[in-house]
Amino acid sequence: MKHIDQSHIKPETAGRLNSLVSEFTGQSKSYYQQVFSYMMEAPGYRFTLNWAAGLLGPVWFGARGLWSWFLGFLLLETLAYIQIGLGLFGDLGRDFRIRAEQIAQTLELRHQQIAAAEASGASSLGSLKRAAESLESALAGAQEAAAAANASGVTYLVVGAALLLAVKFLAASLANWTLEGQFARWRSDRSVASGWSVPRLAVSAVLAAAVVVLSALKFAMPDAFSLLNAFPTNRDWRLNVGDGVQAAFDWTKTSGRGFFDGLTAGMRTLLDWIEVVLVDTPWPVVALVIVMLAYLSAGARVAIFTGAALAYLGLLDFWEKAMTTIALLGAAALISITLGIPLGIYCARRPKVFAVVRPVLDFMQSMPSFVYLIPVVAFIGSGKPAGVVATMIFGSPPVIRFTVLGLQQVPETVREAALAFGATPRYLLWRVDLPLARKTIMAGVNQTILLSLAMVVVASLIGAKGLGEDVLEALQYAAAGQGILAGLAILFCALILDRIVAGKR
């Protein structure tokens, strides 16, 4: 690297910069002082070559604390070493050889059948001979393919060597640029990794060696080490753990029978009241109220759309099932929102509590819905109450998360101003925090309602009535037309609720 003129930089500034570079790099200080000075003359990437990084590859990046680059170059070099391993000692014709052995076994069986047919004078002798000839041709083809594959080792070796050289050159050309970027981050945050660390070097070298060696052995000699082909396990372990989980479920169900019975009764009572309003009330009254809500919330256009959607539900005989679905959804969403918003307010003001609640919310959102139907049915049984609980589990996290997010985004300056004018904690919550966070909280409410509606079809698997039943039956009997109509009915229910809840008025 040629010396770079620093005459345009003030001496004290250049001296301070060189001191920082020396402190950051730890080794090869003069080299990196010149390189960083050259790279800082213009924004963006400037081409340089770091031969140490090219030689050591991912180990160099690991020793410098650039772990994301370490992982990327490790994967690329591993791919190259796999090709080299296949070329040097790989069993390239293994698959064709196994196929040839299978064909040979089948051919031997055909020969025995031909001998028996000749001895008995069976009429199938001709077909057996033709099958044997076909197998002999396939066997010869498999043997030729195995020989050709074994002879292609040089090609793998050349490709692997070329790929390795290309990766080494890429590492050498990017090393100084990535290190200079880390230096810029280190100047503002001293917790960023710096220097040439021997422990990081050892860890990265061990990781790189393990990944390269194990991968090359697995692909080049798949039959040499059975441990690399399958994870060591024992089927009895899963059976024993499953029995333990089942025993825990049985004990919980027996011990908490009163709680679960009370929960079921409460859910059923709430559902019955909502169904009285939506199902037993004359349909013109229900339709008029829903259209009026749409008009008051979102205006005339949404009211017209709502009327058309309700007409679709009624004319195609989906009205009662749609109201049953909305009743189940309403019960689940009502409980989720009633519990979720206060919990979100509590978590927003107590970060330690939210640190405990957040993993639970992650679990509730990431667990497939079909999986948590198992404990719901085990504890509550099948039917509508179980559908409400399952829908709550699926739909509760958004309203909690959005409530926390909305309150955390309230400007501290506004809160401090309210406190300076003597606002009490209650006044601060109801007159400052919640009004400013209202849009975000309502977005969470909207997401909870829509996610709850998405559980309609899943809840029908455990006996919850409604539109999900029609979709499930259409799937079982391949009735595409009926399934599409029921799916559109669910879509219209979702759109009506979305427009009413998200309305600007």
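**Close-up 1. Lining of the largest cavity in the predicted model.** Six positions are shown around the cavity: Thr325, Leu328, Val456, Ala459, Ala464 and Lys465 form its lining. Two elements, helix H14 (319-349) and helix H21 (456-460), each give two or more residues to this lining. Sorted by class, the lining of the largest cavity consists of four nonpolar residues, one polar residue and one charged residue. The volume of the largest cavity is about 40 Å³. The structure holds one cavity of 30 Å³ or more.

**Close-up 2. Packing of helix H12 against helix H13.** H12 covers residues 283-298 and H13 covers residues 300-315. Their axes come within 7 Å and cross at roughly 155°. Because angles over 145 degrees count as roughly antiparallel, H12 is roughly antiparallel to H13. The crossing in which H12 passes H13 is right-handed. On the H12 side, the contact is made by Ala287, Ile290, Val291, Ala294, Tyr295 and Ala298. On the H13 side, Ala300, Val302, Ala303, Thr306, Gly307 and Leu310 take part. Ten residues of the contact of H12 with H13 are nonpolar and two are polar, with no charged residue.

**Close-up 3. Packing of helix H18 against helix H19.** Residues 412-420 make up H18, and residues 425-436 make up H19. The two axes come within 11 Å, with a crossing angle of roughly 160°. H18 and H19 are therefore roughly antiparallel to each other. Their crossing is right-handed. H18 contributes Val414, Arg415, Ala418 and Leu419 to the contact, and H19 contributes Leu428, Val432, Asp433 and Leu436. By class, the contact of H18 with H19 has six nonpolar and two charged residues, and no polar ones.

**Close-up 4. Packing of helix H15 against helix H17.** This view takes in H15, residues 351-366, and H17, residues 384-408. Their axes cross at roughly 140° and come within 9 Å. The crossing of H15 and H17 is left-handed. From H15, the residues in contact are Phe354, Arg358, Leu361, Asp362, Met364 and Gln365. They meet Ile393, Ser396, Pro397, Pro398, Ile400, Arg401 and Val404 in H17. The contact of H15 with H17 divides by class into eight nonpolar, two polar and three charged residues.

Terms used
Residues numbered from 1 in each chain as written. Predicted model: local features only at pLDDT ≥ 70, side-chain atom pairs only at ≥ 80, totals over all residues. Heavy atoms only, no water. Axes fitted to C-alpha atoms, helices over the stretch in contact; angles between N-to-C directions. Helix = DSSP H or I, 4+ residues; strand = E, 2+ residues; numbered from the N terminus. Parallel < 35°, antiparallel > 145°, perpendicular 65-115°, else oblique. Left-handed = near helix turned anticlockwise from the far one by under 90°. Contact = heavy atoms within 4.5 Å. Nonpolar A, V, L, I, M, F, W, Y, C, P; charged D, E, K, R; others polar. 1 Å grid on protein atoms, 1.4 Å probe; cavity = no way out; pocket = protein on both sides within 12 Å on 5 of 7 lines; lining within 4 Å. Points joined across faces, edges and corners; volume = space filled by probe spheres on them.
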